[in-house]
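Please open the structure in a viewer and keep the selection tool at hand.

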Amino acid sequence: MCYNMCMKNYDVIVIGGGPAGASAALYCARSGFSVCVIDGGASALLKAERIDNYYGTGGATGAALFAAGLDQARAAGAEILDGQVTFVSADDGFTVSSTAGELYGKKLIVATGASRARPKAIDDGAGISYCAVCDAFFYRKKRVGVIGAGAYARHEYETLAAVASSVALFTDGETPSFEAAETYTQKITGVKRDGEKLVGVALSDGKCVELDGLFVAVGVAGATALAKSMGILTLGDGSIKTDGGKTNVSGLFAAGDCTSGVKQVAKAVCDGMTAGLAAINELRGEKSGSDKRGDDK
């Protein structure tokens, strides 16, 4: 198979290096499975000035606790990659496209943290999308826009450019990290509609750019974008629905702030353990089944 020849292979890929992701990776690595953690530095823990309510720390900065978690997972054998995930596809396992390269994992654990908020000026009405792979089909030969400035935005931009008549990039005040045929760096002040239909984006200089659709790709691909692209069930608040760490997609697990519940380090660590153990049990069950089939021959 091309998996072995064209990309790095792992038993488990973890997206997100915060408390949930590091905990899941630690359990999987200590159980003897090959593990890769892809982290883009977007964890909310990194922004915490001080953590006083987590067992055993006696008070620590969020950055220190974050680094300690990844160091522990690394010491157990997990590989830690610095990169942003741009897309995930499921086909007899999971292929993860990222700025760190193409990776393949038998199991996937999503621990991306809470979904990033869209720009305040953008609503969630008709014509607004969060997944180019999902919705590009509906905008064939139409004019669309992408909001964002990083690797995630570039992925969405390139996906849409293959089908849309034109794609405009809106950075909402940020400096773009790639070149686009049409770029607007002004702040976005709102969207224009004709009834419910999206017809354009209003900018801070008074200009209105006419569009048929607008794709939000701010920052990194968070839980909402990944969930929509893979058919993962979500709850009303956009969090991923889980049962014992499992999602409705076979072999895919979720943990931490991207799932429902309180947004606390202790809960994220527990979620990571739960998802990690669930992945371990599936891997062991598959290996056991394979061994039995071999004995029957």
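What span should the 14 residues of helix H3 (residues 62-75) have at 1.5 Å a residue? The expected span, 1.5 Å times one less than the number of residues, is 20 Å, and the end C-alpha atoms of H3 are 20 Å apart, which agrees. Helices (H or I, at least four residues) and strands (E, at least two) are DSSP runs, numbered from the N terminus.

This is a predicted model, in which local features need pLDDT of at least 70, side-chain atom pairs count only at pLDDT 80 or more, and totals for chains, interfaces and linings use all residues. Residues are numbered from 1 along each chain as its sequence is written, and side-chain values use heavy atoms, with hydrogens and water left out.

Next, within H3, select Gly62, Leu65, Phe66, Leu70 and Ala73, its buried residues (under 20% relative accessible area, 1.4 Å probe, protein chains only). They cover an arc of only 130° around the axis, which puts them on the same side of H3; the arc is that of the directions from the helix axis to the C-beta atoms. After H3 comes Gly77, with a positive phi near 120°.

Now select Lys107, in strand S6 (residues 101-110). Lys107 is buried, with a relative accessible area of 4%. Its side chain and that of Glu282 are joined by a polar contact of 2.8 Å (a pair of N or O atoms within 3.5 Å, one able to donate a hydrogen and the other to accept it within protein; residues adjacent in sequence count only if both atoms are side-chain atoms).

Notes:
Buried < 20%, exposed > 50% of the residue type's maximum accessible area, 1.4 Å probe, protein only.
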